[in-house]
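Morning, everyone. Please have the viewer open.

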Amino acid sequence: MSRALRFVPLALLLVLIAGLVWRLATPADTTVGSKLAGKPVPAFRLPAALSGKPGLSSQDLATGKPRLVNIFASWCLPCIQEVKVLERLKARGVAIDGIAVRDRPEDVADFLARRGDPYERIGSDLQSQVQIALGSSGVPESFVVDGRGIIRYQHIGAVTERDVPTILARLEQAK
Amino acid sequence: MIAEAGLAALWLAAGLAALQLVLAVAALRAGTAAGRTMRAVAIIQGGLTLTAFVMLLVVFVRTDLSVALVVENSHSAKPFVYKLAGAWGNHEGSMLLWVTVLAVAGAFLAALSRRLGERTMIATLGSQAALALGFYAFLLIASNPFARLNPAPPEGQGLNPLLQDPGLAFHPPTLYFGYVGLSVAFSLAFGALLTNEVDARLARAMRPWVLAAWIFLTFGITAGSYWAYYELGWGGYWFWDPVENASLMPWLAATALLHSINVLAARGALKAWTMMLAVVGFSMSMVGTFLVRSGVLTSVHAFAIDPQRGTFLLGLLALYVGAAFALFAWRGASLKEGAPFELVSRETGLVINNLLLSVILGLVFVGTLYPLFVEAVTGEKLSVGAPYFNLVAGPLALILAVLVGVGPLLAWRRERRPVFRLLTVPALLGVGALVISIILWPGMTVLPRLGLTVAAYLAVASILPLVVRNPLRAPLATWGMVVAHFGIAVALAGMAANAAFTSETLAVARPGERLAVGPWLVQLEQVVPTAGPNWTALEGQLSASRGDPPVTLAPQSRYFRDPPMETNEAAIATFWNGQLYTVIGKPDGEGGWQLRLWWKPFVTLIWLGGGMIGLGGALALSGRLWRSRRRRIAAEWRKERYA
């Protein structure tokens with residue numbers, strides 16, 4: 001067997017390892033650039049997800065002040081961790097609205113009572129139609145919407161403590 | 001106490017693995033005979049690791065909530081089987097299972113293998129110890145399964161409901177036996193390359209291990225595919241996602257190895273290639289484990305990514321595969337190829353088989369890692385989906401299936417007989433199937449049509465090796481090969497039929513309403529609440545008929561409390577000619593319910609074929625073991641008699 005050929009596997013392995021090392025070294029980037037960033041929120045009107053809290057429509061998002069729209073569900077595990085972080089954001093003055101995806105009113109109420117409630121308004125998106133229109137493919141996801149109702153930033157996955165500075169910075173930029 | 005005992009056993013085993021490695025290096029350098037000691041050490045090391053794993057099982061069965069892993073993955077209200085399965089349904093536990101299989105396989109190798117020369121045996125056990133040592137370090141430093149939690153919480157967080165299924169409870173262990181069984185082939189190749197003893201004897205020693213690992217992989221993949229089919233509720237059996245590819249790649253390498261090793265055993269040829277495959281097989285297992293465990297390739301919705309673990313696994317991967325490839329490059333020159341062969345021969349057939357399998361392996365590998373490299377180069381994010389894999393792997397797999405009918409008929413070294421005449425009948429059947437499909441279903445797409453054609457041809461061609469000789473006198477290994485090759489035809493027919501003939505209905509139905517799917521009329525009778533040990537559910541009661549007395553089905557939308565999660569339990573009715581697959585979704589709020597119905601003709605053939613492929617392997621393995629045992633007994637008898 002020729003000498004060069006014998007070293008091919010080793011060379012390929014080195015390339016592969018280099019690629020994987022690079023991948024591990026770059027922090028996992030969960031911000032898939034939203035196709036909708038810079039575009040206005042698509043028009044929608046969602047009914048209230050539970051009694052005692054108003055529903056959510058696209059007009060409610062253009063209030064002159066940046067808002068965080070959080071897509072969540074009572075059946076979503078990471079949302080349980082996330083809601084605590086959102087409560088802390090709320091304590092720092094962030095206005096947060098929720099879209100409950102494929103959820104039942106009693107489950108949403110139970111979730112809010114047990115896990116925390118940072119939301120001003122919650123719309124019920126039974127068929128995921130608004131979620132899809134927003135370009136979100138999973139739960140949870142969050143959007144920074146500026147005062148004119150334009151999407152500025154999409155965060156995929158749960159908002160963790162580590163994401164708080166990014167979210168606050170994006171909200172600041174959206175002012 | 002039990003958790004501490006398990007941890008202690010693990011540390012002791014790691015110490016013994018280090019000792020085993022040191023002994024091997026010393027023995028190889030000084031040329032001393034450390035074989036007996038090393039075998040004993042390997043066996044004790046395997047026993048200790050097994051003890052640690054049993055301790056973990058005990059901790060889970062008792063739901064000991066002072067152990068962090070139990071808290072995170074179990075719950076006192078869970079059924080017994082799933083408490084047990086919870087032990088390996090998580091990162092730490094599954095890595096302990098991985099090490100356990102590695103160490104126990106090493107122990108069996110030490111206890112059973114008598115074919116090898118002393119030096120190669122020492123080098124092999126040394127290599128196995130080096131593998132084990134790395135994974136012990138990984139467990140003890142980065143993934144301790146026995147870590148305590150203080151104070152202990154009153155209740156655990158539960159196991160992902162999707163995993164609470166008998167099929168899945170035993171699916172990971174089966175796959176792990178396969179993945180890690182390949183480590184023995186890796187160590188044997190490494191040892192033989194080190195001592196320059198790559199020969200037919202090595203191939204015969206390696207063959208049962210490869211075969212056994214391959215059988216487990218085959219059954220594991222087949223079972224996993226069926227689990228995905230009925231549990232995920234999407235009606236698909238293979239999604240080409242990274243986790244599935246991680247199990248497919250070692251299988252492809254093992255399948256190629258399984259065939260090339262016969263050439264080495266029978267003819268002393270394909271030495272370098274076979275050693276390469278033996279290394280690649282276990283490397284693919286490690287790559288797969290790395291991809292799944294590091295979170296590098298999971299989708300953007302992956303939540304638990306631990307860079308430390310990923311780095312550790314990558315280091316092990318680079319170390320082991322790098323060492324093996326470097327040794328291969330260094331020793332490759334000294335691998336003298338064995339007996340020559342002509343163009344039309346069994347050897348050529350097996351070489352083509354290997355090339356095709358390797359190309360498919362390469363394509364799946366590239367497809368799986370492609371998104372990673374595109375992102376590294378251009379920063380763009382994309383995913384490679386089923387259309388790519390079907391397009392590139394499908395045609396190659398079909399060509400391979402055609403050759404599966406030819407290869408086993410050819411003689412070693414050179415074929416002078418007119419064997420291709422034997423293939424007239426199968427070829428005519430294939431053409432017949434093609435013509436019939438064109439007449440009956442002109443709209444069918446290309447791949448399913450060719451799939452049906454090749455399946456019809458291969459169903460007959462695969463049994464020719466038994467027809468051309470007296471089937472009762474054929475060795476069990478030949479029977480095994482025929483059963484496995486026939487299984488390919490069966491699975492292929494199932495895949496083609498599923499792709500071509502599936503009918504699907506998605507609709508909202510009110511109780512009393514009827515929906516049509518394929519030849520069936522399905523009526524939603526009513527929706528009732530029901531409950532299980534740790535879930536509540538809404539159950540749709542369906543009655544389906546196609547002229548005969550109706551069949552009742554009860555798909556459920558289940559709601560698990562710990563952890564809170566909803567799953568769809570599909571209800572499937574199986575008939576000789578297909579499956580009726582039903583899923584109930586959400587209510588529309590106005591008295592209607594989402595129903596998804598599929599009629600999938602002959603879909604069961606996919607798993608039946610997969611099972612036959614694995615069964616064929618099992619037949620071949622028992623035939624080989626039986627034969628070598630008989631030979632050994634005969635040799636001992638002769639020795640006694642003439643001593």
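One definition before the numbers: two residues are in contact if their C-beta atoms, placed from the backbone, lie within 7 Å. With that, take chain B. Among its contacts between residues at least 6 apart in sequence, 75% join residues at least 24 apart. And keep in mind throughout that this is a predicted model.

Staying with chain B as a whole. The secondary structure comes to 19 helices and 10 strands. The C-alpha trace spans about 85 × 75 × 60 Å along its principal axes. How does the radius of gyration of chain B stand against that of a compact globule? For 643 residues, the globule would have a radius near 26 Å, and chain B has 26 Å, so the two agree. As for burial, 49% of the 643 residues in chain B count as buried.

Now a helix in chain B. H16(B) has 16 residues. From first C-alpha to last, H16(B) reaches 22 Å, close to the 22 Å expected at 1.5 Å a residue. Its buried residues include B:Leu450, B:Gly451, B:Leu452 and B:Thr453. Further along, B:Tyr457, B:Leu458, B:Ala459 and B:Ala461 are also among them. What covers the buried residues of H16(B)? The cover includes four helices of chain B: H14 (386-404), H15 (424-440), H17 (464-467) and H18 (476-501).

B:Pro448 lies in H16, which runs over residues 446-461 of chain B. Is B:Pro448 buried or partly exposed? B:Pro448 counts as partly exposed, because it has 19 C-beta neighbours inside 10 Å, and a buried residue needs 20 or more. Set aside the neighbours within four places in sequence, and B:Pro448 is in contact with B:Ala496, B:Ala499 and B:Ala500. For scale, take B:Tyr642. B:Pro448 and B:Tyr642 are 194 residues apart in sequence and 63 Å apart in space, C-alpha to C-alpha.

Next, the strands of chain B. Here 4 strands form an open sheet, in the order S1-S10-S9-S8, with antiparallel pairing. S1 (503-509) and S8 of chain B stand at the edges. Each has a single partner strand, so one side of each is left without a neighbour in the sheet. The twist averages 15° from one strand to the next. Look at the S8 end. S8(B), residues 571-575, and S9(B), residues 578-587, pair in the antiparallel sense over 5 bridges. Those two strands form a hairpin with 2 residues between them.

Over to chain A, which has a sheet of another make-up. It is open, with 5 strands in the order S5-S4-S3-S6-S7, and the pairing is mixed. The edge strands are S5 (122-125) and S7 (151-156) of chain A. Each has a single partner strand, so one side of each lacks a neighbour in the sheet. Twist here averages 20° from one strand to the next.

Both senses of pairing can be picked out. S3(A), residues 67-72, runs parallel to S4(A), joined by 5 bridges. In that pair, A:Leu68 stands opposite A:Ile96. S6(A), residues 141-145, pairs with S7(A) in the antiparallel sense over 5 bridges. There, A:Glu141 stands opposite A:Ile156.

S4(A), residues 96-101, is mostly covered, with 6 of its 6 residues buried. In a regular strand the side chains alternate between the two faces of the sheet. Which residues of S4(A) point one way, and which the other way? A:Ile96, A:Gly98 and A:Ala100 go one way. A:Asp97, A:Ile99 and A:Val101 go the other way, and all are buried.

Last item, helix H1 of chain A. H1(A) covers residues 3-25, with 23 residues. End to end, H1(A) reaches 34 Å between its first and last C-alpha, close to the 33 Å expected. Where does H1(A) bend? The bend is at A:Pro9, by about 30°. A:Pro9 is also one of the buried residues of H1(A), along with A:Arg6, A:Leu20 and A:Leu24.

That's the tour. Questions, please.

Key: Residues numbered from 1 in each chain as written. Chains lettered and ligands numbered in written order. Predicted model: local features only at pLDDT ≥ 70, side-chain atom pairs only at ≥ 80, totals over all residues. Rg over C-alpha atoms; globule rule 2.2 N^0.38 Å. Buried ≥ 20, exposed ≤ 12 C-beta atoms within 10 Å, placed from the backbone. Pairing = 2+ DSSP bridges. Axes fitted to C-alpha atoms, helices over the stretch in contact; angles between N-to-C directions. Expected span 1.5 Å × (residues − 1). Bend = angle between axes of the 7 residues up to and from the residue.
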